Amino acid sequence: MNPRGDLSPPTRLAGEHLRPLGQPSGIRVYERCVTAPTGTVGAVTPVEALERIAELLMRGRAPSYRQQAFRKAAREVSRVPENELLELAAADRLTDIPGVGAKTAQVITEALRGETPEYLTKLLNDLPQPGTDEGEALRAQLKGDLHSHSDWSDGGDTIEAMATKARDLGHDYFALTDHSPRLKIANGLSADRLREQLEVVSALNDKLAPFRILTGVEVDILEDGALDQHEDLLAQVDVVVASVHSKLRMEAGPMTRRMVAAVASPHVDVLGHCTGRLLTGRGRPESTFDDDVVIEACKQFDTAMEVNCRPERLDPPKRILTKAAAAGLRFAISTDAHATEQLEWQPYGTDRAAACGVTGERVVNAMPAGELLEWAGSHPAP
Ligand SMILES: [Zn+2]
Ligand SMILES: [Zn+2]
C-alpha cells in the first residue's frame with residue numbers, strides 16, 4: 001500500500017463487529033458441525049461430505065490427486081438436482097456423473113441415506129486435533145486474514161462466498177490477494193482485471209459492511225526482485241503480499257537479493273511463504289537464502305513475515321520462525337485460502353507461531369482494520 005495512501009481508519013469498522021472472547025476456532029466450529037456431542041457424527045449432504053473428505057485428506061497430507069478427486073466430485077454433484085441424484089442412486093448409476101467413481105459414489109449414497117459416510121468417519125477419527133492452548137490464545141486475538149484467493153485467479157469460490165465465510169468465522173476483515181499477471185498457471189490478474197476487481201470489491205463492501213474486504217494482490221517477486229504489477233495499483237490496494245513462485249531453486253546469493261529487494265519496497269506489506277517449500281505429494285525443498293539477511297530486511301523496512309497456514313506449506317519452517325520472532329519481526333498469520341473452508345486453517349499457523357515465540361502484539365492481523373491500514377501505509381522507502 002502507498003505510504004501516502006488514505007490512512008483514515010474506516011469508521012464503520014470501529015467496534016461494531018466484536019468477536020466474543022474465546023470463540024472457538026473455525027476448525028473447531030467445523031468439527032462441531034459434523035460431530036454431535038455424543039461423539040457420533042451428524043447428517044451431512046453428499047456435497048458437504050465430499051468437500052469435508054477432500055479437506056481432511058489435504059490436512060492429512062494425502063497425495064493431492066486424491067483430494068482433488070473428491071473436490072471434483074463435489075463440484076459435479078453440486079450441479080445435479082437432489083431428486084435426480086436420488087434417482088441415480090436408486091438405479092445404482094451415480095458413476096454416470098462425471099468425476100464420480102466407486103468410492104465417491106459410496107460416500108454420496110451413504111449421505112443420501114442420512115448416514116455419515118464411513119470414509120468421512122474414519123478420516124475424522126484419524127484427525128490430529130489442531131489448537132494447542134497457546135495457539136488458541138493467539139488465534140483468539142486475530143481479527144482477520146491477509147492472504148486469500150478467489151475464482152478471479154486460482155481459487156475455487158467467488159469473492160462474495162469467501163467474504164461471507166470470513167465474516168461467519170468472526171473475522172472483521174480479510175484481504176483478497178489474487179495472483180499477479182505473470183503467474184499464468186494461476187490465471188493471474190492483469191492490471192485491467194485488477195482494476196475491475198477493485199470495483200467489484202467496493203460494491204461488495206457496501207453490501208457486507210461493517211465487515212470489510214481489504215483489496216490486495218499476491219504479487220510475484222520476479223527474478224530480479226521487481227514486482228509483477230503496476231506501481232500505481234500496488235500503491236492503491238490495501239494489502240500487498242509479495243511471494244516467490246518461480247525459479248525457486250536459484251542460488252542463495254541472488255535469491256537473498258531478490259527477496260530483500262521485494263521486502264524493501266514501500267508497497268510490500270507481507271513477505272509470503274518465504275521458503276516456498278511443499279510438504280505433500282512429491283514435495284518441494286525450501287529455497288535457499290540467507291535468512292538472517294532477509295529477517296534483518298523485514299525488520300528494517302517493517303515488512304511482516306507471513307506464517308502461511310496451508311497444511312502443505314507450513315512456511316516458514318520453525319527454525320526461521322523462531323529466529324524471526326526473537327528478532328521482533330511483525331507477522332501475518334494467513335491461510336492463503338483458495339476455497340471458503342480453507343479460511344478455517346488459521347489454527348495450523350497460530351499453533352506454530354505461538355510455539356516459536358510469536359506474540360499477539362507482533363501480529364498485524366491482530367490489529368483492528370484501521371490500525372492495520374495505517375501500518376500498511378507507513379513502510380519507510382529504502
Ligand atoms: Zn503464493
Ligand atoms: Zn497465495
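At what angle do the axes of helix α2 (residues 46–59) and helix α6 (residues 118–125) cross? The two axes come within 10 Å and cross at roughly 35 degrees; axes here are lines fitted to C-alpha atoms, for helices over the stretch in contact, with angles from 0 to 180 degrees between N-to-C directions. This is a predicted model, in which local features need pLDDT of at least 70 and side-chain atom pairs count only at pLDDT 80 or more, while totals for chains, interfaces and linings use all residues. Residues are numbered from 1 along each chain as its sequence is written, and chains are lettered from A and ligands numbered from 1 in the order in which they are written.

Let's stay with that helix pair. The crossing of α2 past α6 is left-handed, meaning that the near helix is turned anticlockwise from the far one by less than a right angle. From α2, the residues A49, R52, I53 and L56 meet Y119, L120, L123 and L124 of α6; contact requires C-beta atoms, placed from the backbone, within 7 Å. Seven of these contact residues are nonpolar, none is polar and one is charged, where Ala, Val, Leu, Ile, Met, Phe, Trp, Tyr, Cys and Pro count as nonpolar, Asp, Glu, Lys and Arg as charged, and the others, Gly among them, as polar.

Stepping back, the chain has 15 helices and seven strands, taken as DSSP runs (H or I, at least four residues; E, at least two) numbered from the N terminus.

Now visit H338, in the loop between β7 (331–334) and α14 (346–355). Leaving out residues up to four places away in sequence, H338 touches H149, D154, G155 and G156.

How values were computed:
Contact = placed C-beta atoms within 7 Å.
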